[in-house]
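Biologist: Please take a close look at the pockets of this model, and describe what lines them.

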Amino acid sequence: MGYMASGKTTFGRALARALDWEFIDLDFYIEQRFRKSVRDIFAAEGEEGFRRKEQAMLHEAGEFENVVISCGGGTPCFFDNMDFMLSRGRTVMLDTDTECLVRRLVANNSRRPLMAGKSEEEIRRDVQKGLETRLPFYSRAHIRFSGNLLEDKSQISDSVERFIHDFIS
C-alpha cells in the first residue's frame, strides 16, 4: 500500500516474481471483474459505489494463497479494509517522500486523471494533503519499505531481494 506513484505496482510485481507468487493489481482485478474501468465505475456509481466494489474484491482476493496484492492508494482508508489486510498477511507500506511522489506524478500526470493538467505546485499540495489523511492508515502496515529505492530501475530486483531477506526470510 502507499500513495499514488509510490511504486506499489513496480514493487508488487517484483516481489511476486521473486517469491514465485501471483501478482494482483486490485484496480485491474476490479476492472476485469466488472468489465468497466475504475473511472467508469466512479462516474456511474460515485465513490461510494466504487469503494463497495473495491472492498468486496479485496476480500475475495485476500482469500487467495501465495499472492501479492497491490491495492489502490485509498483502499486502506475505507470500511474494514485495513483491518482485513492486517489479518490476511504481511502488509507493506511504501513510504515514499513527497518530492519523489511529485517528481513521478509530474512526469506521468497524463496517466493519472486526478493529476491531469495540474501544475507541479498543485500536485505538491494535493500530495501533502493526501498523505496527511492517509498516513494514519498506511502507518498501521506491518512493514515500511522506502519507495524511493524504486527510483533506479536497475536496482529494483536488488532492493526486493534485500526486502525479502530482511522481512520475509
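Modeller: The model is a predicted one. The largest pocket holds about 1400 Å³ of space. Its lining is made up of 41 residues, and those nearest the centre of the pocket are Met 4, Asp 27, Arg 111, Arg 112 and Pro 113. Helix 3 gives the most, with seven residues. By residue type, the lining of the largest pocket has 16 charged, 13 polar and 12 nonpolar members.

The second largest pocket has a volume of about 690 Å³. It is lined by 29 residues, with Val 67, Val 68, Ile 69, Gly 89 and Arg 90 closest to its centre. At least two lining residues come from each of helix 1, helix 3, strand 2 (67-70), helix 4 (81-88), strand 3 (92-95) and helix 7 (156-168). Helix 1 has the largest share here, five residues. The lining of the second largest pocket divides into 19 nonpolar, six polar and four charged residues.

As for the cysteines, the number of disulfides is zero. Cys 71 is in none, and the nearest cysteine sulfur, that of Cys 77, is 8.6 Å away, whereas a disulfide needs two sulfur atoms within 2.5 Å. Cys 71 is buried, at a relative accessible area of 4%. Cys 100 is in no disulfide either, with the sulfur of Cys 71 as the nearest cysteine sulfur at 18 Å. Cys 100 counts as buried because its relative accessibility is 0%, under the cut-off of 20%.

Key: Residues numbered from 1 in each chain as written. Predicted model: local features only at pLDDT ≥ 70, side-chain atom pairs only at ≥ 80, totals over all residues. Heavy atoms only, no water. Buried < 20%, exposed > 50% of the residue type's maximum accessible area, 1.4 Å probe, protein only. 1 Å grid on protein atoms, 1.4 Å probe; cavity = no way out; pocket = protein on both sides within 12 Å on 5 of 7 lines; lining within 4 Å. Points joined across faces, edges and corners; volume = space filled by probe spheres on them. Helix = DSSP H or I, 4+ residues; strand = E, 2+ residues; numbered from the N terminus. Nonpolar A, V, L, I, M, F, W, Y, C, P; charged D, E, K, R; others polar.
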